Amino acid sequence: MASIDLIIQREPNPFDAETFWSGNFWQEQQDPALTVESIHQDAVAEIEQLLAQVGGDNRTRTMMLEGETGSGKTYLLGRIKRILNPKAFFVYIEPFTASDYIWRHILRYTVDSLLEVPEGQEDSQLLIWLKGLSEFKQRSIIDLIRGDRQIFIRNLREAYPAGIYNAAEFFGVLYDLTNPKLSSLACEWLRGDDLDEDSLKLLRVQHSIETEDAAQKILANFGRIAAETQPIVLCFDQLDNIARLPDGGIDLQTLFSVNSVIHNQKLKNFLVMISIITDTWRQNSHRVQPTDKDRVDAVIKLKQITLDQSEALWKSRLHILHRQASSPPPSPIYPLTRQVLEEKFPGGKTRPRNVLILGRQLFQDCKVGLVRYDNPPIVPPENSHSEVSETVAPPVQMQPVVEESFDSLAAFKLVWLRKLNQTQQRISRIRQFSSPELIQMLAEALAALQVEEIQPRLLPSRTYASYSLSYQLPGHSERIGVVWSEDQNMTKFCNLIKICQEAVDEKLCQALHLIRFEGVGTPSNLGYKLYTQLFTESHHNHFMPDLFSVQYLATYHSLVNDAYSGDLVVGEQTPDLKELEALIRESKILHQCSLLQDLEIVPPLVISEENKAEWKPVEDFLLNRVLNQQCLARQRLIQETLNQFIQVNEVQVNLLIEHLCEENHKVKILDPQAKLEDQLVYAARTDE
């Protein structure tokens with residue numbers, strides 16, 4: 001075992017941005033060891049009581065969770081899910097991008113969340129929900145699969161003689177969820193995907209869920225049947241990036257109207273949780289009708305935390321390092337001190353985010369101070385079996401080892417990589433997103449790259465307007481239109497192409513790009529013929545996106561949500577949208593998106609012989625990680641890289657580290673003659 005000072009030098013900063021928690025609670029798993037139970041305990045108790053009331057009488061209730069930026073709203077939603085998931089099914093609703101698509105948006109994310117597997121369970125929430133139905137309780141899943149579909153439908157119709165929309169088809173699709181050959185297709189229908197005729201025939205349904213009214217009623221079906229099992233909690237978060245009104249304000253009224261409909265139509269067994277920033281509510285509450293505000297049953301306002309709770313937050317983060325030390329550190333929060341908290345927050349209260357960012361800054365100062373190059377390096381001498389001195393040196397102040405702007409860029413690239421990995425684990429096909437979501441993601445990327453005059457809703461159609469946008473490239477006068485549709489139904493595709501032709505005829509744009517991965521039909525289809533005339537026999541183009549491009553756009557969209565809601569943390573900064581866009585441009589990360597290359601928004605990626613594609617991401621990660629941490633154990637750096645990139649081995653990573661040290665003067669090895677396990681990789685000072 002080593003001294004705490006050596007551990008501080010060689011281990012990652014426990015307050016790093018990747019340990020912060022934001023966004024969809026199904027994407028990021030909380031570590032219970034980092035939770036301070038006393039923080040927001042009153043809010044937890046009140047939410048638990050509301051949920052118990054819904055479970056007791058099946059009457060839907062709505063609560064609004066209000067707090068300042070950085071007060072822990074999003075973290076609290078994840079904590080509630082973790083604690084109460086055995087008592088309810090939890091649904092996370094991403095910010096809706098089109099107001100006229102909101103019910104279909106809610107249904108899509110409801111089914112997606114129900115497909116998630118709760119921690120400690122083997123089955124998804126959806127399968128747990130199904131097993132809770134009386135029809136499932138009477139016989140096993142295997143018996144059910146081997147049983148008769150019509151008997152299953154008849155039994156459920158007898159159990160629910162009223163209140164179920166499109167009962168025969170809905171119960172039939174529930175039966176198909178238990179069939180391995182049809183379960184994926186059944187999920188697609190339930191979430192509102194626009195299926196082709198062959199898929200509809202396999203499911204024995206007439207139509208996809210293609211209207212707002214149908215989506216609302218299918219959602220009501222879930223609530224109606226949930227009375228037999230558990231309540232469903234609908235969580236709306238990061239509302240600063242929902243659909244916009246003509247004046248640029250966020251469309252909170254549509255969300256609160258949906259909530260009123262849920263109550264007025266007596267949709268049962270839902271707990272609706274609306275999480276909102278205090279300033280956002282203060283600035284926009286006047287846009288919400290008083291009658292809709294009255295549908296909120298409870299308002300929970302998150303309070304600031306005390307210095308005792310702040311100290312407990314620090315302790316929870318530092319404990320993992322302290323337990324590695326050869327002897328107990330002088331205090332549970334070493335190398336930090338209570339005195340700094342008292343000086344920084346003289347009022348005795350603050351927000352959790354402020355405490356964590358301060359902790360990162362102070363820990364980083366200590367780490368850098370310990371790696372003073374005019375002092376003997378704190379590493380065990382070679383061939384020595386004795387312990388490192390247990391004398392704990394006070395943190396030493398020194399100048400930043402790299403320029404702040406470059407360090408911020410390195411930190412941002414690590415945040416991006418973490419988000420991209422989460423996205424790639426979650427997104428396995430392009431049609432996981434609706435067309436309005438895909439076009440919104442593209443619009444956000446165009447804005448970050450300073451494309452001019454971006455206008456939403458190009459197509460002159462209420463149905464397809466949210467599938468489209470238009471823009472101008474810098475230095476060009478012509479307007480370019482973009483339409484993105486992944487609907488499988490060929491009748492709907494034909495109607496879309498007709499609307500595209502109308503837009504061209506009305507000169508709404510001079511060039512039109514269709515983005516579509518799904519097929520375009522066969523030569524016998526009218527839609528195919530119209531498509532051929534418009535996109536293959538003219539200067540208008542059809543681009544087929546790849547999954548990686550969509551994952552890139554989705555990753556940036558997630559960061560935009562975080563920036564709007566104040567949840568984005570890069571190093572010790574919390575960038576707003578403009579600062580995020582600047583980081584995107586400076587890092588040129590989106591230049592790797594092939595769809596943006598096809599649209600000629602970014603230049604084609606050129607890989608030289610000396611800078612091959614398979615090595616560049618690994619080398620970038622190594623450099624950014626060292627710049628971000630300032631100092632890290634070589635073995636720790638190697639292991640993190642192997643975890644991040646499965647295509648490389650330890651020998652290759654070591655060679656890349658050596659190459660960085662030789663070619664890049666920002667990275668050096670402290671005591672290269674020491675054993676490999678004792679070496680530290682550090683970021684060199686600019687004056688070295």
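## The whole chain

Let's start with the overall view: the chain holds 28 helices and 15 strands. Its radius of gyration is 28 Å, close to the 26 Å given by the globule rule for 688 residues, so the chain is as compact as a globular protein of that length. Keep in mind as you explore that this is a predicted model.

## Inside the fold

How much of the chain is made up of buried residues? Of the 688 residues, 57% are buried.

Contacts tell you how the chain meets itself. Take the contacts between residues at least 6 apart in sequence: 74% of these join residues at least 24 apart.

Now look at helix 10, which covers residues 183–190. Seven of its eight residues are buried, so helix 10 is largely enclosed by the rest of the structure. The buried ones are Ser-183, Leu-185, Ala-186, Cys-187, Glu-188, Trp-189 and Leu-190.

Which helices do these buried residues pack against? You can find them on both sides in the numbering: helix 4 (102–114), helix 5 (125–131) and helix 9 (167–176), along with helix 11 (197–203) and helix 12 (212–226). Just after helix 10 comes Gly-192, with a positive phi of about 95°.

## A residue in helix 12

Helix 12, one of the packing partners of helix 10, contains Gln-216. Is Gln-216 buried or exposed? Its relative accessible area is 14%, and a residue counts as buried when this value is under 20%, so Gln-216 is buried.

Leaving aside residues up to four places away in sequence, Gln-216 touches Trp-103, Val-261, Gln-265 and Leu-267.

## Two helices that cross

Further along the chain, a pair of helices is worth a look. Two packed helices are described by the angle between their axes and the distance between the axes. For helix 23 (residues 547–565) and helix 24 (residues 577–587), the axes come within 9 Å and cross at roughly 150°.

Which residues make this contact? Helix 23 contributes Tyr-556, Leu-559, Val-560, Ala-563 and Tyr-564, while helix 24 brings Leu-577, Leu-580, Glu-581 and Ile-584. Sorted by type, the residues of this contact are eight nonpolar, no polar and one charged.

Terms used: Residues are numbered from 1 along each chain as its sequence is written. This is a predicted model: local features need pLDDT of at least 70, side-chain atom pairs count only at pLDDT 80 or more; totals for chains, interfaces and linings use all residues. Side-chain values use heavy atoms; hydrogens and water are left out. Axes are lines fitted to C-alpha atoms, for helices over the stretch in contact, and angles run from 0 to 180 degrees between N-to-C directions. Helices (H or I, at least four residues) and strands (E, at least two) are DSSP runs, numbered from the N terminus. Contact means heavy atoms within 4.5 Å. Ala, Val, Leu, Ile, Met, Phe, Trp, Tyr, Cys and Pro count as nonpolar, Asp, Glu, Lys and Arg as charged, and the others, Gly among them, as polar. The radius of gyration is taken over C-alpha atoms; the globule rule is 2.2 Å times the number of residues to the power 0.38. Buried means under 20% relative accessible area, exposed over 50%, partly exposed in between (1.4 Å probe, protein chains only).
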